[in-house]
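I am opening a notebook page on this chain. I will write down what I looked up, one topic at a time.

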Amino acid sequence: MTNPSPFWASIHRSVFHSAAGPLRVTESAPRPGGAVRYRCPHNDSLVLVTDDATLAALERPTARLRCAACGEMHLLTQDDRHSP
């Protein structure tokens, strides 16, 4: 049987290592004006999310988001203690 996709052979093995691991859980806090802020668990940077489409996806209690600071996927949880 042949490989269904010839591109699988060109993907580096390190990609599969990080894809199989669990997402890093990160606490997010609502900010004034509807934005959401969180601290990246990889490089400790503060990230402010202001994009309307991304904010709409973050309305669930937990949501996946590709981090603008490090490029990894994080699982954001809501922290209502810091609400404005």
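Which residue in E5 is the bridge partner of Thr26? I looked it up, and the partner is Leu76.

Before going on I noted that this is a predicted model, where local features need pLDDT of at least 70, side-chain atom pairs count only at pLDDT 80 or more, and totals for chains, interfaces and linings use all residues. Residues are numbered from 1 along each chain as its sequence is written, and side-chain values use heavy atoms, with hydrogens and water left out.

Elements. I found two helices and five strands in the chain, in the order α-β-β-β-α-β-β along the sequence. Helices (H or I, at least four residues) and strands (E, at least two) are DSSP runs, numbered from the N terminus.

Pairing. Two strands pair if DSSP finds at least two bridges between them. Strand E1 (residues 24–30) runs parallel to strand E5 (residues 73–78), with five bridges joining them. E1 is also joined to strand E2 (residues 36–39), here antiparallel and by three bridges. I noted Arg37 in E2 as the bridge partner of Ala29.

Hairpin. How many residues lie between the strands in the hairpin of E1 and E2? I found five, and Gly33 in this hairpin takes a positive phi near 85°.

Whole chain. I read that 23% of the 84 residues count as buried, meaning under 20% relative accessible area with a 1.4 Å probe, protein chains only. The accessible surface (Shrake-Rupley method, 1.4 Å probe) comes to about 6,300 Å², and 55% of it belongs to carbon and sulfur atoms. Of the contacts (heavy atoms within 4.5 Å) between residues at least 6 apart in sequence, 39% join residues at least 24 apart.

Key: Buried < 20%, exposed > 50% of the residue type's maximum accessible area, 1.4 Å probe, protein only.
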